Amino acid sequence: MPFRNDIDWAGFVPRVVVLTSVLALATAYVAEYGFALKPCNLCLWQRVPYFVAGGLSLAALATGAGTRRTVLLALCGVAFAVGGGLAIHHIGVEQHWWGSVASCGGELPIAMEAGDLMAALSAPPDPACDAPTWVMFGISAATYNAVLSFALAGFTLCGLIRIRSNA
């Protein structure tokens, strides 16, 4: 029995999305501020889908069950899929399969005034996107994020199917 029939999926799915979004963001901020693991630009971009999905799922909880909630939850699934795509891009940058955007890695602009140049040189460089800041069991945080993002996209899709079958 893969799904229980007595679960209110229309309420369960957005609650899980809010909880996992908050936990994922809390983990990222604890790593950044608690353990001084400075994120690169791609790491920062990977947080955005969790904010979006969390906000959309809160809006879904605030609306009554129905089409609006279904649309909001579908957008949560899209946000997680986009987050998974960003994480896959980051993995490719880490593995040197492809390059990233110019702002990823602390590069200095070509034209700059002397005072700005001195300030930029004295500041610590931004972390490079191709060098993982944190690795566990040989797996980078971007890879864990890809798995989580696609799992949440799949969970949201399965939940939507279940909600629609109960309607």
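1. Ground rules. Because the model is predicted, local features need pLDDT of at least 70 and side-chain atom pairs count only at pLDDT 80 or more, while totals for chains, interfaces and linings use all residues. Residues are numbered from 1 along each chain as its sequence is written, and side-chain values use heavy atoms, with hydrogens and water left out.

2. Overall make-up. The chain has six helices and two strands, and along the sequence they run α-α-α-α-α-β-β-α. Helices here are DSSP runs of H or I with at least four residues, strands are runs of E with at least two, and both are numbered from the N terminus. Of the 167 residues in the chain, 34% are buried; buried means under 20% relative accessible area, exposed over 50%, and partly exposed in between, with a 1.4 Å probe and protein chains only.

3. Surface and contacts. The accessible surface comes to about 9,900 Å², and 69% of that belongs to carbon and sulfur atoms (Shrake-Rupley method, 1.4 Å probe; for residues, only the protein chains shown count as cover). Among contacts with a separation of 6 or more, 74% are between residues 24 or more positions apart; contact means heavy atoms within 4.5 Å.

4. H1 against H3. The axes of H1 and helix H3 (residues 48-62) come within 8 Å and cross at roughly 150 degrees. That makes H1 roughly antiparallel to H3. Axes are lines fitted to C-alpha atoms, for helices over the stretch in contact, with angles from 0 to 180 degrees between N-to-C directions. Angles under 35 degrees count as roughly parallel, over 145 as roughly antiparallel, 65 to 115 as roughly perpendicular and the rest as oblique. The crossing is left-handed, that is, the near helix is turned anticlockwise from the far one by less than a right angle (clockwise would be right-handed). On the H1 side the contact includes Gly11, Leu25 and Tyr29, and on the H3 side Phe51, Gly54 and Leu61 are among the residues involved. The residues of this H1 and H3 contact are twelve nonpolar, four polar and one charged. For these classes, Ala, Val, Leu, Ile, Met, Phe, Trp, Tyr, Cys and Pro count as nonpolar, Asp, Glu, Lys and Arg as charged, and the others, Gly among them, as polar.

5. H1 against H6. H1 and H6 pack at about 165 degrees with their axes 9 Å apart, and are therefore roughly antiparallel to each other. H1 passes H6 in a left-handed crossing. Trp9, Phe12 and Val16 are among the H1 residues here, meeting H6 residues that include Leu152, Phe155 and Arg162. By class, the contact of H1 with H6 has eleven nonpolar, four polar and one charged residues.

6. H1 against H4. With helix H4 (residues 67-94), the axes come within 11 Å and cross at roughly 35 degrees; this crossing is left-handed too. Ala10, Gly11, Val13, Pro14, Val17 and Ser21 of H1 meet Arg69, Leu73, Cys76 and Phe80 of H4.

7. Tyr29 and Arg47. Tyr29 sits in helix H1 (residues 9-34) and is partly exposed at 32% relative accessibility. Leaving out residues up to four places away in sequence, Tyr29 touches Gly34, Arg47 and Phe51. Its C-alpha is 9.6 Å from that of Pro39, ten residues away in sequence. Arg47 lies in the loop between helix H2 (41-45) and H3, yet counts as buried at 9%. Beyond its neighbours within four places, Arg47 contacts Leu25, Ala28, Tyr29, Glu32 and Pro39.

8. Arg162. This one belongs to helix H6 (residues 141-166) and is buried, at 16% relative accessibility. Arg162 and Trp9 are 153 residues apart in sequence, but 6.8 Å apart C-alpha to C-alpha.

9. Two positive phi values to look at. Ala36 has phi near 55 degrees, positive in a residue other than glycine; Ala36 is in the loop between H1 and H2 and exposed at 64%. Phe137, also not a glycine, has phi of about 60 degrees. Phe137 is in the loop between strand S1 (135-136) and strand S2 (139-140), and counts as exposed at 73% relative accessibility.
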